[in-house]
Amino acid sequence: MFLGIRDSAELALYSTLQMKTKSHIRFRLNGEQTEVAFSPHKTLLEVLREDLNLTGTKHGCELGECGTCAVLVDGRSILSCLMLGLDAEGRDVKTIEGMAHGAELHPLQQTFADTGAAQCGYCSPGFLLVAEELLKKNANPTRPEIQEALSGNLCRCTGYIKIYEAVELAAAKMRGEEMELPREAVYGLD
Amino acid sequence: MSGKRNKSTPLNVVGKPFRKVDARAKCVGQTKFADDIVLPRMLYCKMLRSHLPHALIKNIDLSKALAVPGVFAIITGKDLPKSYGILPVSQDEHALCIDKVRFIGDPVAAVAAIDEDVAFDAMNLIEIEYEPLNTISSIDEAILIDEPRIHDYGDSGNIHKKVSLEFGTVEDGFAEADLIREDVFFYEGNTHLPMEQHAAVAHYDSDNKITLWSSTQTPHYVHRALAKVLEMPASHIRVIATPNGGGFGGKSDPFNHEVAVCKLAMITGRPVKVTLTREEVFYCHRGRHPVLMKFKTGVKKDGAITGMHFQSFLDGGAYGSYGVASTFYTGALQTVTYDVPRYKFEGLRAFTNKPPCGPKRGHGTPQPRYGLEVHLDKIAEQLNLDPVEIRRNHLVAPNTVTANYLRIGSMGLGKCIDKVAEGSDWKNKFSGWNGNSRKLPLGKGIGIACSSYICGAGLPIYWNNMPQSGVQLRLDRQGGVCVMCGSTDIGQGSDSILAYIVAEVLGIDPFDIRVVTADTDLTPVDLGSYSSRVTLMTGNAAIQAAERARELLSMAVAEKLGVPIENIGLAERRVFDVENPELGVSFAEAVVLAESKYGTIGTVGSYTPPRSPGKYKGAGVGPSPAYSYSAAVAEVDVDPDTGIVVVERIWIAHDIGKSINPMLVMGQVEGSVYMGLGEILMEEMAYRTNRNVVHKFPSMLEYKSPTTMEMCDVKTYLIEDPDPNGPFGAKEVGQGPLLPVPPAVANAVYNAVGVRIDEVPITPEKVMKALREKARGRDGRFGPGAVPAVDWPEPLRVLTPAEGGDGKELPKVAVHS
C-alpha cells in the first residue's frame, strides 16, 4: 500500500508509460467475437469490469485467494485477478453474463436462485462458473467431489451447504432426472 | 374487523420456501453492488492512511501530489472539521484526521483523480510530518498508562468507559451457594470479512444536492452523519444503500470514505467513487472486540445459579464506534437462558492504537456466551452433573422478567436442547466426567452449549419517540403493489421478507410486488440491518400497512358484492366472498373499486418496540421485543500429536418462533454456524506485540476463514413456538445460531483430549501447549490468568423484580458522585 513512486523523475517515467497507446486485443467473450483496448498492465478482471462494463465478475482480495473473480478461459476456471488482460488474446472467455442461454437461465443459476444458495450473491458468479466446469467434467459428482471442486471459492454467508445442494439439484436436472431438495434441507430435521 | 386475517387462516406464502425476489438477478451478475456503479466522468478516490499507530500531525504538504497530471482535488482533515460517530456519546471521529492519528490505517487525506493508478501515485507523493507518540497496545497498557491519551474524552486516561451494575445483592447469592467457582477467559478479536469490500459513489448534482450510493447496512445513520459533517440540509442529501455483498456489522458505521467522496464530489463537481482494498477493509474493521472476562458464580448442588458476578474488559481500538453499546452488551444476556437471580456486571472498554472495534454478528454477546457456557461445563464437572441436564433443569421460564429487567416472551430453549441431545445421541457418547470410562475413543469428543439473542434492540441509536421501522405501500390499479421501506438487504433476504408478508396479507404473489428499499429520498425510515431487528420490525410494519390496504379493498369489494365485510377473503390474486368463493373480483379490479371510492390507494405501517421494564441507567442495552434461543452439540476430532481440531458435525436447534421462509432460515442457521466455526478455529485480528502495533494478518491469504474443506456437517432443527411480538410469530435467525458454536466446540475439545483452551480461537499450538502441560502433571489448560486490577465505581444498584423492584436504580447514599 505504501510502495510506489518516490520522486517526480520516477513519476514522469511512469506517466509516460501510462500515456502510451492502449493495447488492443481480440478474443471470444461469452460466445461473441470481441475487441477491446485497455492499458496493458491491467488484469483480465479489470478489463472485464472497467473496459467491457461486465461487472458481474467480482474482486474480493486482490491476491488470488477468494475466488470471486473466477471466470472460464478455454473452459478452464481461472482467477481473472491473476491473469493479464493481454493474455486473453485469441482465447475463449466466459463470464457470469454468458452463462444463461439467451433469456433461459443455466440450470445451476436456477437452482442457486431457488435454493437460497445465493445470499448476498457477491460470491455467486465465481461459484457458478466453477460449478459449471465441474459438471461438464463430472455429471454426477459426490458431495466430497463438489466440496473439493469449490474449495477455491470463499463464501461468508451460506456456510456452503445450500451451494452443494444447488449443485446436486442442477446436476440431476442436467442428467434429465427429477429431483427435489430433501425435506430436511428446507425445513430442518423433524 | 373487516376482512381481517386470523390465526386459523391458512398461509399461502409465509412458511413456504419461495425464492428471494433478488435471487435470480444475483445469479446472472445483474445486481449492482456499489463498485459496479459507473457514472459519466467519474473520478476515483484513494485514501492516504497513517503508517504510524499514534502520532501528532505536524504538517501536510500536498504540493507534489497536486502537481500530478490527472489529480483533481485532495482534501485533508481541515476540510471536514465536524466530528461524527455512530453513537451520540462518542462522536469522536473525523473523516480525515486533523491533529493526530490513532492507529495504522487511520485516514489522513483523500485524493480524487482520473483513475485509481493516478490517485495511488499522487497519494504516495503527499508529505506528512508526524511526531510519534507512545502507543497503547493492550487493555493492560490502557489501564496503566494515562498519558498520552488517545482521546481527550472518556472515563479517564485511556479508559473509554466503565460500567458497574448490580441487580439484587450478589454476595447474598454467594452465601447461599454450595459451590462458588471463578474462571477467566479470553476471546480474541476477529473481523467480518464480507466478500465485498466497502465501496461508495458520490454525485453532486447541478441543484447542489448530494447522492451517495454506498455499501452500508445503515443508510439512515449515514444520512444523519453526512448532514452533520458536510454541513448541508439533510433534505439535500440522498443516501442509497446498494445491495451489500455481506455486512455482518462491518458496514454499520458512517465511514471516513463515505464522507470523503461526498466532499470530493462537491469540490470537483464530478462523481467520485472509492473502493477499499481488502487490506483497507481490515483497517476499517469495526469488528468483534477482544474481550477478557472473569466469571464468579455461586451454584447449588443441583446446578441452580444463586448469584453471578461477571467482569469484562474490552479492547476497543482507536475509536468509539458502537463500543459503549458493545460494553453493555457483554453484560446483558447472561440472565436470559439459565435463571440468574442475582447479578453483578462490571465492564470496561479501553482505547488502544488499533483499528476500532464495533459490532460483529452477535455484537458483544458471543464472547460472554462462550465464557458462560465453558464456565458452566466446568461447574458441571465439579458437581458431577451432566452438561445437558445442568442446562435443561434451570431454564428461564417464558413470559418472565430477568433480574436485569429483560422481558422474556416465548422461550423454546428446552425443546432445542432436547432435539440436539437426541439427534447427537448424547447419552451414548458422553460418558460423564471420569476420564476412565470413555464411550467415544480418545481424541473424539462431544460438547454442548446454548445461547440466546435479541430480535432487535429495543431502543434506537439516537433517542427519539418515532417508529424504528416504516413501510409504505402503493397499490396500482392494474394489480401491482410497491412496498417501500428503509431496510437494507445485506444478503439475509430482508427485501424478500417484505414481499412475502405483503403478498400473504393481500392474497397476491410475491413476484407481483416491487420492493423499493434503503433510499433516504424514497423510503420511510428503517434504522438499518443490525441487532437482528429487520424481520421483526419491518415485518410488523409491513403487516400494518398491508392490513390497512386490505381493509380498503375489502370495504370496496364488500359494497360491490353486497356481502358483509367479515366475509371478504383475499387469496390467489382475488378478493371474494369466503362463503361463496366464485363471487369475487380480481385483485386489480378490487384496487380499481377502492381507488374509485377512496382516491389514490397508499397506506403506511410502522413499528415501535414495546417499552422495557428496566429504567436504570444502562437499561437501554439488552431489551428486545423477543429473544431467540439456540442449542448446539459439537462433535470433534482432536489429533493429540498435532493439536489439530476438526469439527466433524454440529447439531443445532434454533427457536425461530415462526419461519417466514424456512429455506432462508436454514441458510441463516448454516451461515451462522459457519461463522462461529471460523471464529473458534481460526479467525483472529492479531497484532505484533511490539510498540508498532502492526496488524499481523491484513489479507485474505493470512486471515483464515473456512473453505468448503473446513466447514463441518450441520444437522439443523427449527423449533417453531410463535412469539406474540413477532410478525406471524417470527423471531430472529441471522445472529443467534452463531453463539453456541464456539463454546460447544471448546467443550467438545475438553471431552476429546482432556484439555481446556479458555481462549478463542482454539489453535493447534494452544492445544499442544495444554497437552504438554497435562502430560507433565500440571493443569491441562491454556488460557489467561488473572484479570487486571481496576478501580471500579460503586455499582448502580437495582432491586430485582423478584425483590419487588421497579426497574429504577436505588438512590445512592454516596458522599460524592
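Q: The radius of gyration is taken over C-alpha atoms, and the globule rule is 2.2 Å times the number of residues to the power 0.38. What radius of gyration does chain B have in this predicted model?
A: The C-alpha atoms of chain B fill a box of roughly 85 × 75 × 60 Å along the principal axes. For 817 residues, the rule puts a compact globule near 28 Å. Chain B agrees with that value, because its radius of gyration is 27 Å.

Q: What percentage of the residues in chain B are buried?
A: Chain B contains 19 helices and 32 strands. Of its contacts with a separation of 6 or more, 80% join residues 24 or more positions apart. Among the 817 residues of the chain, the buried share is 63%.

Q: Is Ile150(B) buried or exposed?
A: Ile150(B) sits in the loop between α4 (139–144) and β7 (159–167) of chain B. Leaving out residues up to four places away in sequence, its contacts include His54(B), Arg102(B), Phe351(B) and Asn353(B). A residue needs 20 or more other C-beta atoms within 10 Å to count as buried. Ile150(B) has 27 such neighbours, so the residue is buried.

Q: How far apart in space are Ile150(B) and His363(B), C-alpha to C-alpha?
A: In sequence, the two residues are 213 apart. In space, the distance between the C-alpha atoms of Ile150(B) and His363(B) is 24 Å.

Q: How are helices α10(B) and α18(B) oriented to each other?
A: The axes of α10 (residues 366–383) and α18 (residues 741–753) of chain B come within 8 Å and cross at roughly 30°. The crossing is right-handed. Angles under 35 degrees fall in one class, and α10(B) and α18(B) are therefore roughly parallel.

Q: How many charged residues are in the contact of α10(B) with α18(B)?
A: From α10(B) the contact takes Pro366(B), Arg369(B), Tyr370(B), Glu373(B), Val374(B) and Asp377(B). From α18(B) come Pro742(B), Pro743(B), Ala746(B) and Asn747(B). By class, six are nonpolar and one is polar, while the number of charged residues is three.

Q: Which element gives the most to the side of chain B that touches chain A?
A: At this interface, 57 residues of chain B are in contact with 54 residues of chain A. Elements giving two or more residues to the chain B side are α1 (23–27), α3 (116–123), α8 (278–284), α17 (662–681) and β28 (713–719). The residues of that side divide into 26 nonpolar, 18 polar and 13 charged. With nine residues, the element that gives the most is α17(B).

Methods. Residues numbered from 1 in each chain as written. Chains lettered and ligands numbered in written order. Predicted model: local features only at pLDDT ≥ 70, side-chain atom pairs only at ≥ 80, totals over all residues. Contact = placed C-beta atoms within 7 Å. Helix = DSSP H or I, 4+ residues; strand = E, 2+ residues; numbered from the N terminus. Nonpolar A, V, L, I, M, F, W, Y, C, P; charged D, E, K, R; others polar. Buried ≥ 20, exposed ≤ 12 C-beta atoms within 10 Å, placed from the backbone. Axes fitted to C-alpha atoms, helices over the stretch in contact; angles between N-to-C directions. Parallel < 35°, antiparallel > 145°, perpendicular 65-115°, else oblique. Left-handed = near helix turned anticlockwise from the far one by under 90°.
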